[in-house]
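Biologist: Shall we walk through this one together? Let's begin with the open space and then turn to the packing.

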Amino acid sequence: MKNNKLEYWFLILISGIFFFSCSKDKGYYAKTPNEPIYKGNMYDYLKSKPGVYDSLIKVIDRIELQGLMRDSSVTLFALTNANFQMALQNLNNTLSLSDKSPQYLNSVKLTVLDSLLCHYILRGSIPSDSIINQDGKEAYGVRYGYPMHIDLAKQTSSGFIDGGPMTMNFSDTRKSVFKRNWITTETSSLNVKTDNGIVHVLAADHVFGFNKFVSQVIYVPPPENLFKTIGGTPNASKETSGGPNAVEASKHVFDGDPETKFFLSSPGQFYIEWEFPELVAANSYTLTSANDLADRDPTDWTLQGWNEESEKWDLLDKLSDQEFEERFQLKVFSFKNTKGYKTYRLNIARMYGGNDFQLADWTMNRSK
C-alpha cells in the first residue's frame with residue numbers, strides 16, 4: 001500500500017512539473033477568439049481609450065475627419081500614442097541639429113498630417129478573415145486613394161513555425177509594384193469591431209508616417225520650374241522602343257509628374273535637352289528618381305548650355321557617383337551661373353548599377 005501511495009504522489013508531481021513547464025513556455029499556440037465588439041462608432045471607440053489614442057484623436061480633429069470616422073465604412077490601422085511620440089522625437093532631433101524650434105502635433109502643417117494619416121484609414125471594412133487564402137490585398141486610403149497593401153502572417157510559437165497568433169503586415173507600397181521598395185509594419189491586435197468598421201492596432205515600434213514624417217515636415221519646395229513658367233521645346237537624342245507616344249516615352253521626363261518616367265534599354269551615352277523661346281539664366285536643376293529599380297538611376301552626368309556667341313556648349317555642372325536613396329525622390333542640384341542660354345542639355349554618361357536607364361523628371365530652375 002505504501003508503495004502504491006508513493007507511486008501515486010510521484011505521478012502527481014511529474015504531471016505538475018509538466019503542466020507548469022508547458023504553461024511557462026506557452027507551448028503550442030491554440031487560437032482563442034479575440035475579437036472585441038464595441039457598441040458605437042469608430043471615433044467614439046478611440047475616445048473610450050484614454051491614454052492610448054489621444055494623439056490619434058488630436059490629428060483626426062485637426063484634419064476634420066470626425067464625421068468620416070463616425071459615419072463611413074472604413075478600416076483603421078490604429079496608431080497609439082507611442083507611434084506618434086517616436087515620430088515627433090525623430091523630427092525634433094533633426095530640427096535641433098539646425099537650431100530650429102521643436103514642433104508638435106498642434107503645430108505641424110495640416111497638409112502633412114492629412115496626407116499621412118489618410119494612409120492608415122482605408123476604404124471599406126476589411127477584417128482579417130476576409131483575406132485568408134489570398135496573396136495579400138491592395139487597399140486604398142480615404143480622401144486621396146493612396147495604395148496600401150495588407151497580408152496575413154503567423155508568428156512562431158515555441159519553435160512551431162506558423163504556430164503562433166495571426167498578425168497583419170501593413171505596407172506603404174510607395175506606389176511601386178516591387179515589394180523590395182515597400183515599407184512594412186505589423187499589427188499587435190486585430191479585428192476590433194465597431195458599428196462602422198474594423199480597427200487593427202499597430203505594433204508599438206511603428207513610427208507614424210512610414211519614414212516620411214520628418215522629410216515632409218522639413219521639406220523645402222524646389223526653386224522655380226522654368227519649363228513651366230517660361231515654356232519651350234523638349235528633345236531627347238534617343239527614344240524608347242515604343243516611340244514618342246509610348247507609356248515610357250521621353251516626353252514623360254519633362255511633364256512634372258513623378259509617377260511617369262522615361263525608360264531606355266541599354267542606351268549607352270545620350271542626352272535630353274530643353275530649348276527655351278528666349279535666353280534664360282538658370283542656376284539649378286532637379287532630377288526625380290522613378291518608381292522601381294535603383295540600378296537604372298543615372299549616376300554620372302554633365303549639364304551644358306548652348307553658347308550662341310561662341311557656338312559651343314558651355315559646361316555648367318559635372319557630377320559622378322550620385323545616388324538616389326528612395327523612389328520618387330526629387331533632388332535639387334545648384335550651380336553658379338548668371339549667363340542666359342536658350343538650350344540646356346543633360347548628358348547621361350552612366351547608370352547606377354546596370355545598362356538600362358530611367359528617370360521620372362528633369363527640370364531647369366532658378367533660385368532667388
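Modeller: Happy to! This is a predicted model, where local features need pLDDT of at least 70, side-chain atom pairs count only at pLDDT 80 or more, and totals for chains, interfaces and linings use all residues. Residues are numbered from 1 along each chain as its sequence is written, and side-chain values use heavy atoms, with hydrogens and water left out.

Biologist: What volume does the largest pocket have?

Modeller: A pocket here is an open set of points on a 1 Å grid over the protein atoms alone, where a 1.4 Å probe fits, with protein on both sides within 12 Å along at least five of seven lines. Volume is the space filled by probe spheres set on the points, which are joined across faces, edges and corners. For the largest pocket that gives about 1,100 Å³.

Biologist: Which residues lie nearest the centre of the largest pocket?

Modeller: Lining residues have an atom within 4 Å of a point. The largest pocket has 31 of them, and nearest its centre lie Q216, Y219, F328, Q329 and L330.

Biologist: Which residues have the most contacts inside the largest nonpolar core?

Modeller: Such a core joins buried (under 20% relative accessible area, 1.4 Å probe, protein chains only) Ala, Val, Leu, Ile, Met, Phe, Trp, Tyr and Cys residues through side-chain atoms within 4.5 Å. The largest has 52 residues, and those with the most contacts inside it are L56, L117, F208 and F213.

Biologist: Which residue is the bridge partner of L152 in β5?

Modeller: Strands are DSSP runs of E, at least two residues, numbered from the N terminus, and two pair if DSSP finds at least two bridges between them. β4 and β5 (residues 166–172) pair in the antiparallel sense over seven bridges. In β5, the partner of L152 is M168.

Methods
Buried means under 20% relative accessible area, exposed over 50%, partly exposed in between (1.4 Å probe, protein chains only). Helices (H or I, at least four residues) and strands (E, at least two) are DSSP runs, numbered from the N terminus.
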